[in-house]
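Thanks for making time this morning.

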Amino acid sequence: MQLTQLKGVGEKTRELFEKLGIHTVEDLLTYYPRDYDEYQPPITIGEIDNKIVAAIEGVIVKKLDIQRKGKLQVIKGLIRDNRGETLPVTWFNMPFLRQTLQPGFRYVFRGRLKRMGNEIQLQQPETFPLGKYEEKLLSMQPVYSLTKGVTNHLIQKCIRTALEQGIVLDEFLPVHIRQNYNLIGRMEAVEMLHFPKDRDGLHRARHRLVFDEFFLFLYTLQTMKESGVTAKSPYVIVPAKQTEEFQRKLPFELTRGQQKALSQIRSDLGSANVMNRLIQGDVGSGKTILSVLALMDVIFAGYQGALMAPTEVLARQHYISIKEMFDEYNVPIQIQLLTGSMTAKEKRMAYEEIEQGRAQLIVGTHALIQEKVIYQNLALVVTDEQHRFGVRQRENLAQKGNSPHIMVMSATPIPRSLAIVLYGDLDVSVIRELPANRLPIKNCVVDTSFRPNAYQFITKQAAQGHQAYIICPMVEENEELDIENVIDYAKMLEEQLPSTVRVQYLHGKMKNDLKNQIMEDFARGEIQVLVSTTVVEVGVNVPNATVMMVENAERFGLAGLHQLRGRVGRGSAQSYCIFVSGSKKKETMDRLEILNHSNDGFEIAREDLKLRGPGDFFGMRQSGDMDFRIGNIYTDADVLGEVSQVLKELKEDKWDIEEGQWQVLHAVLEQYQKNSLEKLNI
Ligand code: ADP
Ligand code: MG
């Protein structure tokens with residue numbers, strides 16, 4: 001249904017909503033809040049502590065003052081709480097407040113706390129007469145992702161209108177299934193999610209909608225899979241003499257886990273069926289070398305092989321390090337880089353090399369699966385850190401060759417229930433141990449007062465020839481600001497560290513060329529301290545780096561932090577990880593404590609799940625994972641389990657479903673597949 005069919009919604013609003021990807025009324029109803037604001041009891045100024053948002057009861061001390069700053073009107077005031085402490089408060093462009101907020105009146109002021117040096121001020125607070133705030137107390141206000149011109153209020157108003165006009169989303173789950181799994185009705189859930197009455201209702205609403213989301217997703221995946229058949233392999237590959245020779249020359253022996261995985265890969269490559277194997281191994285377990293050995297076997301058998309990485313930085317790094325290895329050990333393989341940032345001319349040349357078969361090993365990003373790339377005889381495709389690639393992209397690449405073997409490598413511990421459905425068709429090799437020359441990383445969780453010690457420590461490490469990463473958080477809502485963080489932070493560091501320590505910053509918005517250049521400089525040891533956003537999170541390998549310092553560690557998910565930590569401890573030197581927490585809250589510290597006592601990614605994922613529990617959804621999204629609208633594959637693992645159970649039961653015909661009900665289900669599925677799959681990046 002068109003948005004403009006809603007009362008009060010005109011062309012202008014429609015256009016605004018368009019920017020948020022809301023095209024229809026159904027889109028609007030499923031535009032879920034990204035968070036909830038809970039109105040907590042007011043606190044005193046003395047209790048502000050590290051809070052970001054606070055409600056403070058107080059009186060306006062004197063008449064508000066208005067200043068002009070260019071186009072901006074800044075309204076300043078001072079509030080005093082019951083204990084006599086005062087706090088500056090600022091509003092922007094609301095001159096009328098001067099009339100309404102008279103000195104001496106008592107209000108509750110609720111807004112963000114902004115810290116500037118030692119001063120804290122309350123910014124742009126909402127003001128409530130005391131009784132009014134009481135009404136709001138402990139209610140939950142949805143917070144939506146917004147764009148210019150669209151406010152929370154507008155979204156809520158339009159959703160309210162839609163509900164009042166009686167718009168419904170079809171109930172597609174049969175009543176028996178709902179009863180059995182304790183699921184409330186679909187519309188009830190939608191309404192409750194937008195207008196929650198309490199936490200409990202919200203939990204139930206969310207349970208239903210997460211269930212729906214996973215259900216539609218997994219059902220679709222299952223159908224896609226069933227339509228494919230296990231292919232016979234046109235490429236039966238035996239291990240090459242040259243590969244074995246190369247392996248003997250390597251400066252290290254493969255670990256037991258690597259050896260086992262390699263023999264599984266080799267037996268797949270030599271069998272009559274196409275290989276579909278997932279290599280799951282914690283960060284630093286040495287997955288890359290396995291892919292190189294497998295690719296060598298394939299190439300020495302006369303075919304082409306490809307290695308696809310999720311980022312430009314990582315693709316380049318693989319290209320450079322494999323090339324160096326091949327040069328060092330005289331491996332006669334032509335390796336070709338192909339990434340999006342190459343010039344048109346460079347790309348044309350690369351296509352030519354690939355098509356003519358002169359390029360034997362092709363390393364790159366998504367550019368590898370572009371239409372223009374024609375392979376001569378592609379027999380093996382390896383994708384690195386696969387969780388960033390979609391099933392579709394993988395298939396795309398598979399179609400490029402004549403059913404090439406597929407190998408995917410990932411460090412993400414995926415919950416079993418998801419792995420079964422997602423990787424049902426993949427065989428899995430797990431590498432459990434790290435190479436023996438590694439010393440376990442030493443961790444510490446500290447607060448910001450530890451910074452001077454940390455800088456001293458980093459300086460010492462640099463003096464010993466080592467390098468360090470310092471990560472500043474990247475917050476979705478305010479990317480601009482955070483990039484500044486990285487830049488400012490680097491500036492500040494430069495002033496604090498001796499001039500012999502070269503500091504450089506890196507962030508995702510930089511031009512690719514520049515990013516690559518900086519990563520290469522860092523890899524070559526020309527930069528000692530890299531201040532970066534999480535662009536270095538995945539796969540980057542600079543074994544000489546021994547310190548990973550993460551600022552505002554509390555803002556990251558544990559899995560993300562573990563990935564970051566994986567950037568050090570990659571060589572034989574002792575490495576250190578410093579998690580700086582901006583919050584002293586017990587829960588935060590407990591969570592970070594998990595990292596402090598464990599270096600095992602699988603264990604960390606498990607513990608994190610236990611601690612946060614499936615019910616807690618006020619936490620952060622795991623960046624880079626499949627972007628469900630509302631579900632989270634980690635914290636909602638139990639819902640995933642329920643869904644796979646239902647799917648199994650449906651297959652076994654356990655639920656006696658009427659024809660009409662099937663039709664509704666299929667209609668909803670079709671709609672879902674049209675709308676959501678692209679966005680979901682499967
Ligand atoms: P990941 O599994 O995180 O992708 P990498 O493949 O990048 O890890 O390997 C990390 C580092 O460990 C690389 O420098 C690699 O050369 C080295 N390495 C791999 N296997 C071994 C081994 N068996 N013994 C010692 N070092 C190894
Ligand atoms: Mg890797």
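Let me begin with a term: helices (H or I, at least four residues) and strands (E, at least two) are DSSP runs, numbered from the N terminus. What you see is a predicted model, in which local features need pLDDT of at least 70 and side-chain atom pairs count only at pLDDT 80 or more, while totals for chains, interfaces and linings use all residues. Residues are numbered from 1 along each chain as its sequence is written, chains are lettered from A and ligands numbered from 1 in the order in which they are written, and side-chain values use heavy atoms, with hydrogens and water left out.

I will start with a sheet. In general, strands of a sheet pair through backbone hydrogen bonds, either parallel or antiparallel. Here we have an open sheet of six strands, paired in parallel, whose order is 16-21-20-17-19-18; two strands are said to pair if DSSP finds at least two bridges between them. Which strands stand at the edges? They are strand 16 (442–447) and strand 18 (503–506), and because each has a single partner strand, one side of each is left without a neighbour in the sheet. On average, and ignoring direction, neighbouring strands of this sheet are turned by 15° against each other. For this angle and those that follow, axes are lines fitted to C-alpha atoms, for helices over the stretch in contact, and angles run from 0 to 180 degrees between N-to-C directions.

Looking inside the sheet, strand 17 (residues 467–471) and strand 19 (residues 529–532) run parallel and are joined by four bridges, and I470 has V531 of strand 19 as its bridge partner. Helix 16 (residues 451–463) lies across strand 16, strand 17, strand 19, strand 20 (545–550) and strand 21 (576–581), and it runs at about 165° to strand 20. Helix 20 (residues 586–597) also packs on the sheet, where it touches strand 16 and strand 21, and its direction makes about 165° with that of strand 16. When I speak of touching or contact, I mean heavy atoms within 4.5 Å.

Let us now pick out a residue of strand 20, namely A545. Is A545 buried or exposed? A545 is buried, since its relative accessible area is 0%; buried means under 20% relative accessible area, exposed over 50%, and partly exposed in between, with a 1.4 Å probe and protein chains only. If we leave aside neighbours within four places in sequence, A545 is in contact with Q467, Y469, F522, V568, G569 and S575. From A545 to V529 there are 16 residues in sequence, and 9.1 Å in space from C-alpha to C-alpha.

Next come two pairs of helices, both of which involve helix 12. The axes of helix 11 (residues 287–300) and helix 12 (residues 312–328) come within 12 Å and cross at roughly 60°. The two are therefore oblique to each other, given that angles under 35 degrees count as roughly parallel, over 145 as roughly antiparallel, 65 to 115 as roughly perpendicular and the rest as oblique. The contact is made by T288, I289, V292 and M296 of helix 11 and by H318, I322, M325 and F326 of helix 12.

Helix 12 also meets helix 18 (residues 512–523), with axes that come within 10 Å and cross at roughly 45°, so helix 12 and helix 18 are oblique to each other as well. On the side of helix 12 the contact uses E312, V313, R316 and I320, and on the side of helix 18 it uses N512, N516, M519 and E520.

Finally, I would like to follow the chain onward from helix 12. In the loop between helix 12 and strand 11 we find N330, whose phi is near 50°, a positive value in a residue other than glycine. N330 is exposed, because its relative accessible area is 66%. Q336, by contrast, lies in strand 11 (residues 335–338) and is buried, with a relative accessible area of 16%. Not counting residues up to four places away in sequence, Q336 touches Y319, A350, E353, I354, A359, L361, I362 and V363.
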